[in-house]
Amino acid sequence: MSTSKSHLKRTWVAKHISELPKSGIRDFFDIVSTMKEVISLGIGEPDFVTPWDIREATIYALNKGNTAYTSNLGDLKLRKAIAAHAEESFQASYNPETEIIVTVGVSEALDILMRAVLEPGDEVLYHEPCYVSYAPTVRMTHAVPVPVMTYEKNDFVLDIKDLEAAVTPRTKVLLLNYPNNPTGAGLTLDDKKALANFAIKHNLLVISDEIYEELSYFPRSMSIAALPGMKERSVLLNGMSKAYAMTGFRLGYACGPHEIIDAMMKVHQYSMLCASSISQAAALEALLHCDAEKETMRKEYEQRRNVIVKRLNAMGLHCFMPRGAFYVFPCISSTGLTSMEFATRLLKEKHVAVVPGTAFGSCGEGFVRCSYATSMEEIEEAMRRIKDFIAELRK
Ligand code: PLP
């Protein structure tokens, strides 16, 4: 009798992966890609081409043949530039030899950090609405994502009372993203102090994803990671994608205590080895010489923000004034439509793509996300079309 089991039907995909929902944004943009003449306010990606000096530095690195692996942690010259940048821009001090790792975008930094610190069953507190990959990244480590809702009445800032209600003895991490995707919310220094006190009280690690911090439109303050008592319990994540318009370079970094960076390095060296050498050369140029270009883009986003918020409010879609990033999160509940209905009908009837707020968590119901990483002309035209759409709904 044969002992082979090869005839048995087997499920190849791991259960926890098959149970992960696909990103709501992707589903929506699959529909958009089949349509013509759509104005997209959906994409979370700068519309600027990467500044020329950065592209030129990339070409130069290629010409010189700088195409080999770098140190697993990333080129030391780049890590030194990151340390100087963190000091100047985030008032946070890190040793470039031991406390910084260069990664394939903030995406990889998040992934290897979660894998380095979480054990099955550990709980991670994070705010909703939030970036679509937070909960899946936690789930992929067999840990438990615990969403804490944020509300417009609190400027979409986490309320300590809500955090106190959600924390348990299994909570290990508090994951923050301010300035926030999708709401544009930001933290004041007092907000950061309150969150830091909460983390210290409950002995939590804070992961602070500050990828939009350099696209801030209100007075900036030091990173939460730089507050007293926080350095040993914080990891600061940042990258080149947004502020320097370098999404395709896939370059990010994490700064934190040596023990954690070293653990991340283990995961990184076995899974990724190192970030692209030519992207590292590009990032070095950006950090050393491209402050002016970064500021020009930030100012342009700020002007677009002012226009889009004014227009949306004027047409009766109440809109919170974003403090950073390049998203607005207008409330559409006055139309009587759900977020998904609003986005789907706006796309079909007026060919404008926005993302339903529910893609960022259930408390995004009643909102849609509009990105203003698109030209002023397109924004103006999209606003005209949305105004018509609302007027027709109200007839
Ligand atoms: N974190 C947030 C909050 C984001 O919005 C994004 C991208 O949209 C990322 C991380 C991923 O960035 P990266 O391109 O550095 O992987």
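Predicted model: local features only at pLDDT ≥ 70, side-chain atom pairs only at ≥ 80, totals over all residues.

How many aromatic pairs does a search of the whole structure find? I got 12 aromatic pairs from the search.

**Entry: F156 and F320**

I looked up this pair to begin with. The ring centres of F156 and F320 are 5.5 Å apart and the planes stand at 90°, so I logged the pair as edge-to-face. Next I checked where the two sit. F156 is in the loop between strand 4 (144–149) and helix 7 (160–166), while F320 is in the loop between helix 11 (291–314) and strand 9 (327–328), so the pair ties together parts 164 residues apart in sequence. Buried or exposed, I asked of F156? F156 counts as buried, at 3% relative accessibility. F320 is buried as well, with a relative accessible area of 8%.

**Entry: Y212 and F326**

Here I find ring centres 5.6 Å apart and planes at 85°, so Y212 and F326 also go down as edge-to-face. This pair links distant parts of the chain, 114 residues apart. I placed Y212 in the loop between strand 6 (205–209) and strand 7 (234–239), and F326 in the loop between helix 11 and strand 9. Y212 counts as buried at 2% relative accessibility, and F326 is buried with a relative accessible area of 0%.

Which residues form one aromatic cluster with Y212 and F326? I wrote down F48, Y301 and Y327 as the others in that cluster.

**Entry: charges over rings**

I then turned to lysine and arginine. K153 lies over the face of Y151, 4.8 Å from the ring centre. For R220, I have the charged end over the ring of F90, at 5.6 Å from its centre.

**Entry: cysteines**

How many disulfides does a search of the whole structure find? My search came back with 0 disulfides. C331 is in no disulfide either, and its nearest cysteine sulfur, that of C319, is 9.7 Å away.

I also looked up how accessible C130 and C331 are. C130 counts as buried, at 4% relative accessibility. C331 has a relative accessible area of 18% and is buried too, because I call a residue buried under 20%.

Definitions and conventions. Residues numbered from 1 in each chain as written. Heavy atoms only, no water. Disulfide = S-S within 2.5 Å. Buried < 20%, exposed > 50% of the residue type's maximum accessible area, 1.4 Å probe, protein only. Phe/Tyr/Trp six-rings, centres within 6.5 Å; stacked < 30°, edge-to-face > 60°. Helix = DSSP H or I, 4+ residues; strand = E, 2+ residues; numbered from the N terminus. Lys NZ or Arg CZ within 6 Å of the ring centre and 35° of its normal.
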